[in-house]
There are 2 protein chains.
Amino acid sequence: MNAHSRNATASQDLEARLMAIGAERYHDKHPFHHKLHSGQCTPDQVRAWVINRWAYQAAIPMKDAAFLSRCSDPQMRREWRSRIEDHDGDIDAGGGIRRWLKLAEAVGLDPDYVASGRGVLPATQFAVDAYIRYVRDMPLLEAVASSLTELFAPSIHERRIEGMLQHYDFANAESMSYFKKRLTEAPKDVKFGLAWVLDHADTPEKQDAACGALIFKTNVLWAQLDALWGAYVEPGRIPPGAWQPGEGMA
Amino acid sequence: MNAHSRNATASQDLEARLMAIGAERYHDKHPFHHKLHSGQCTPDQVRAWVINRWAYQAAIPMKDAAFLSRCSDPQMRREWRSRIEDHDGDIDAGGGIRRWLKLAEAVGLDPDYVASGRGVLPATQFAVDAYIRYVRDMPLLEAVASSLTELFAPSIHERRIEGMLQHYDFANAESMSYFKKRLTEAPKDVKFGLAWVLDHADTPEKQDAACGALIFKTNVLWAQLDALWGAYVEPGRIPPGAWQPGEGMA
């Protein structure tokens with residue numbers, strides 16, 4: 001086997017390992033998503049999800065700015081910058097995070113309350129902040145690899161759009177526009193990120209590091225749904241200071 | 001009212017606010033502690049607590065080193081340094097974290113497994129890491145105020161020692177030595193920290209900031225018990241990769 005085909009095999013192996021991590025650990029496996037997409041969430045459970053997932057949405061452009069802040073390759077920064085543009089958008093039109101607030105309005109919440117971040121579960125904020133810091137502080141390979149959960153995002157977004165349109169009155173083209181838009185944005189981003197990781201993880205140690213980064217990121221996502229479940233589903237014990245049903249309504 | 005008595009009143013008011021935060025939010029109110037101290041935890045639930053709380057114990061000397069690393073007052077560093085000494089101890093004898101591993105052994109766990117940090121719930125690690133970073137990055141007043149949960153620690157440690165000695169076979173003077181020791185260490189530390197906060201929080205904004213720091217810290221502690229409850233009590237869904245009963249036994 002020559003060096004080229006050895007590299008091609010290592011790259012295929014790593015891609016298979018990354019896909020297996022998603023198959024085992026991505027948060028589409030979490031029961032909260034089954035509940036949400038099959039119409040079994042109460043209106044307050046949907047609201048709790050919208051409020052808490054806001055903390056994650058709002059952090060994404062900060063995470064990507066943290067990435068740019070430590071990336072010394074201008075060509076890579078040019079590729080990566082569109083992620084901030086997708087989420088923040090233009091001054092007048094806004095972007096992904098403004099589309100998230102459309103969903104907040106549709107479920108009866110005051111978008112200013114949601115945007116304030118008050119009421120977010122501390123466990124959610126700890127997870128989200130851990131992600132920003134990871135991308136800022138870890139080696140570039142891990143920072144890129146931690147974004148690869150987007151490999152698995154389009155299929156969960158498709159199921160979400162279909163399930164929510166079918167089961168919830170508030171779901172329509174406008175309130176679901178965040179997810180609709182991500183169907184085209186995420187594949188574009190992840191195509192670049194995956195190719196970069198496969199190209200740069202050229203030793204077994206780096207391949208393990210890339211897998212570790214993807215596991216870290218699946219933990220960030222999973223921990224948010226566990227916190228949501230504990231506070232608003234079962235046992236339904238809301239931690240001191242977190243959103244109480246009835247608060248923050250439009 | 002002269003300036004001196006105005007200051008004394010403001011200081012008493014702040015102390016009362018800090019005590020009220022503890023009364024409402026300290027983790028002695030969390031049902032996991034009621035369960036633990038009243039002998040209602042299964043051996044595996046006790047083990048899960050020992051494994052996860054290790055992540056917190058192990059982080060304390062790093063948190064205090066982060067504090068020293070940004071404290072420019074040598075006198076204050078001299079006061080604070082004993083916290084690291086209490087937890088790390090001498091090379092031969094060890095300190096608080098080694099005493100924690102005695103507890104791990106007593107409940108049948110391999111202390112090396114516990115010390116490795118493998119199996120810790122991601123949500124616990126996110127909370128603990130948030131605490132280290134808070135102390136490293138926030139203004140000094142908030143860094144000190146976040147330590148004031150120690151105001152409430154001796155009474156929970158007393159209840160824990162008494163309850164665990166009464167209800168669990170593994171509990172004895174050696175396995176409970178961590179908590180026994182904290183009964184004298186924590187009051188010494190918190191006496192200095194509280195006096196410093198009351199002295200330096202000399203505007204309403206700083207008083208609010210000190211209260212915010214204590215709330216942050218109660219969230220760090222509460223989130224750990226929520227994660228433990230969700231994974232090992234109710235619904236008892238262990239996140240991917242976290243400790244499974246049977247793993248890491250001596």
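Start with both chains on display: chain A and chain B bury about 2100 Å² between them, and 64% of that area is on carbon and sulfur atoms. The model is a predicted one.

Next, select A:F126, A:R237 and A:P240. In chain A these residues lose the most area to chain B, together 34% of what that side buries. To show the whole contact, select 24 residues of chain A and the 23 residues of chain B that they are in contact with.

Now turn to the cavities. To find the largest cavity, select A:D226, A:A227, B:A223, B:D226 and B:A227, which lie nearest its centre among the 28 residues that line it. Then colour four helices: α8 (122-137) and α12 of chain A, with α7 (122-137) and α11 (204-232) of chain B. Each of these helices supplies at least two residues of the lining of the largest cavity. By class, that lining has 20 nonpolar, four polar and four charged residues.

The crossing of α3(A) with α12(A) is right-handed.

For the side chains at this crossing, select A:Q45, A:A48, A:W49, A:N52 and A:Y56 in α3(A); they meet A:K217, A:L221, A:Q224, A:L228 and A:Y232 in α12(A). Six residues of this contact are nonpolar, three are polar and one is charged.

Key: Residues are numbered from 1 along each chain as its sequence is written. Chains are lettered from A and ligands numbered from 1 in the order in which they are written. This is a predicted model: local features need pLDDT of at least 70, side-chain atom pairs count only at pLDDT 80 or more; totals for chains, interfaces and linings use all residues. Side-chain values use heavy atoms; hydrogens and water are left out. A crossing is left-handed if the near helix is turned anticlockwise from the far one by less than a right angle, and right-handed if clockwise. Contact means heavy atoms within 4.5 Å. Ala, Val, Leu, Ile, Met, Phe, Trp, Tyr, Cys and Pro count as nonpolar, Asp, Glu, Lys and Arg as charged, and the others, Gly among them, as polar. On a 1 Å grid over the protein atoms alone, a cavity is a set of points where a 1.4 Å probe fits but cannot get out, and a pocket is an open set with protein on both sides within 12 Å along at least five of seven lines; lining residues have an atom within 4 Å of a point. Buried area is the accessible area (1.4 Å probe) that two parts lose on being put together, summed over both.
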